[in-house]
Protein chains: 2
Amino acid sequence: MSADRANSAATEDLKASEVETPSSKLVRFSADEALELDSGVRLGPWQIAYETYGELNADKTNAVVVCHALTGDQYAASTNPVTGKPGWWSLMVGPGRPIDTNHYFVICANVLGGCLGTTGPATLNPLTGAPYGLDLPVVTIRDMVRAQARLLDHLEIETLFAVIGGSMGGMQVLQWAVNYPERVFAAVPIAAAARHTSQNIAFHEVGRQAIMADPDWRAGNYIQEGVRPTKGLAIARMAAHVTYMSDESLHQKFGRNLQDRDHLTFGFDADFQIESYLRHQGMTFVDRFDANSYLYVTRAMDYFDLAQEFGGSLPNAFKDTRTRFCVMSFTSDWLFPTSESRQVVKALNAAAANVSFVEIESDRGHDSFLLDVPEMFQTISGFITGAARARGLPAPGEEVEPRS
Amino acid sequence: MSADRANSAATEDLKASEVETPSSKLVRFSADEALELDSGVRLGPWQIAYETYGELNADKTNAVVVCHALTGDQYAASTNPVTGKPGWWSLMVGPGRPIDTNHYFVICANVLGGCLGTTGPATLNPLTGAPYGLDLPVVTIRDMVRAQARLLDHLEIETLFAVIGGSMGGMQVLQWAVNYPERVFAAVPIAAAARHTSQNIAFHEVGRQAIMADPDWRAGNYIQEGVRPTKGLAIARMAAHVTYMSDESLHQKFGRNLQDRDHLTFGFDADFQIESYLRHQGMTFVDRFDANSYLYVTRAMDYFDLAQEFGGSLPNAFKDTRTRFCVMSFTSDWLFPTSESRQVVKALNAAAANVSFVEIESDRGHDSFLLDVPEMFQTISGFITGAARARGLPAPGEEVEPRS
């Protein structure tokens, strides 16, 4: 990576330039290097923030893109500078981890529409000098992937050894495989689906309405007006958080346990531990996430329908793919249930793709992909090792074994 | 029913008196006739609003109490005066219906804490002259049933042929059977559970937080201040409504169908039919329900744990019961899943109770109990006919056959 580094904020007239902020690497694209969005809008200037782990090999064949979920970020395996907490996928990505950074060069970018450096609704609109707010065009999962592909172009990485992610990250993995089949050697969509269901859209809509009902949302212009719709955003988070856990995991973790007391208070404070847990989830979320970004990123998920541009045929989306897939779901995930993953597998099989499918036993619901679920790590290790051999890359414990 | 009728609002000094309002029958109890609540508070004066269908027989042995759900009301089989819509259980209750009002005297009362005539947070607090708001003591399912039992005392009905209801109505049915075993001949808890689960509490907490986050909630004093937390209440309703339907029913009814258009709008208006449906559900709900009542009634459900007063033993709760039970659940109900009903059945069996259990095939989720589900009607008809024979009551198409 020999790109110029610059700290100037006035980049409209510059070619794509790389900037290392105190927290993230950042590439800025000029207005001339606009991103063509699904909405038809040309977005430019724009920027993408990302983290990398490990080293790119000389052939540039060991790059792995990790795609983050709705409220995730680029800090997959490094400390999040906002929360001070370890990366959200530290168990998966790192030296000796299933995605072993001793072997692979891992790139994780903040999604388009996000709020940790990549262009999103809080970014200044060059036309007005004020934050975009709702003037940012609505973006799609495909737009997020387009932005990542542009980042790879900039980094002069032609092909990816693997793309991997869970939930909305898994949607991006599928989109990558469908729109850039020649660039993706292996794909691991976890706890994902080929389209967002009606129930999923419904839960998202509740969250968006909660944000937009907050008087401090100010039609999306809260930054300019010096306020923040924290209550609405917290409620959106609470509603979503319930859907990320299983009934069983809630029962095991909280049951009907009372909060710091051995009796009911006959009031509306948090009597039950699950209540104070949810309130805590809501309150801490607003410290690290932007309300308008929540609107944009949930909207992108709702719009996701992989088959749509292929006449509604999912097998057609994967036609002639040479990517090898490992599709994973979790038994207790009711938000992205196994049946949705099976639809993807069915379509891949219909397209005669190289696919393995694993439904992992876990009682921890949709969030299992973020948790310490050994069977998931073993499965991904195994799949990546096999794919590395096929790609002629050294797998952990092996010497380089060139592709025959 | 020979009780005095009065229209006076100043009833503190009167004995329990019956009032027929333009919409509902109402019984007012004086401060001397206070209701002893689980919280330890003596609530009085208080009142209970109810509807009746059919005629009480001379022996007073044909009374059926129908218990309504969270957002239900006493208008089970008659036009709701607020919405102008038919009663919420018109398919179940009426002449020739499974609960046949040609044979049974049906009583349906608005629950304690409700907002359609029974004492609730919008009722005037006699101490202040202003609506109770949060000064109303928190009430429980048991308190609701206590209030109904007091109504029956007033109506001089000693025993009930049957108690029947779905969801929170089913909780009341179980509570009736447990606390008044000698008064309940037959009990039909539908789509219910012996306790509210952690997940259920979580969804309710989201709704309550949405209401309390609305600046127009005014710490519960919105009536005095001339406003209403309609946005918060609408969001609470939207969040809850998603849980009342199954993934399958949402898929069948809405799928990813777009609203009045053949393309995405790339905006935050309702693109998908499910979004406009939910918004409509939220908006119409606020016209018929009180936000503080929503807090109180959800809290009552959260507090529900039938085994608690029996040392945590559900079989003990049903010890020596002579009530005959018909427990029903629906295959696609994920809010009150069949497993919860099975716990009740297991406990009833452990208590050597007379119980039949039917899991009804339905893809319409928790709300199935309100819908046209023929197998449910057939099951209830069959159970009630059998129970009527055992009770010596004439069943539809039969002459009186006195109990031997």
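This is a predicted model: local features need pLDDT of at least 70, side-chain atom pairs count only at pLDDT 80 or more; totals for chains, interfaces and linings use all residues.
Residues count from 1 along each chain as written, and chains are lettered from A in the order written. Local features need pLDDT of at least 70 and side-chain atom pairs pLDDT 80 or more, while totals for chains, interfaces and linings use all residues, and side-chain values use heavy atoms, leaving out hydrogens and water.

Reader: How much area is buried between chain B and chain A?
Author: Buried area is the accessible area (1.4 Å probe) that two parts lose on being put together, summed over both. Carbon and sulfur atoms give 68% of it here, and the total is about 4,700 Å².

Reader: Which helix of chain B gives the largest share of the side that touches chain A?
Author: Helices here are DSSP runs of H or I, at least four residues, numbered from the N terminus. Several of them, including α4 (230–244) and α6 (273–285) of chain B, each supply at least two residues. The largest share is 12 residues, and it comes from α3(B).

Reader: Which residue forms a salt bridge with Arg299(A)?
Author: A salt bridge puts a side-chain nitrogen of Lys or Arg within 4 Å of a carboxyl oxygen of Asp or Glu. The rule finds 10 of them across this interface. For Arg299(A), the closest N and O atoms are 3.0 Å apart, and the partner is Asp271(B).

Reader: Is Thr118(B) buried or exposed?
Author: Buried means under 20% relative accessible area, exposed over 50%, partly exposed in between (1.4 Å probe, protein chains only). Thr118(B) has 2% relative accessibility, so it counts as buried.
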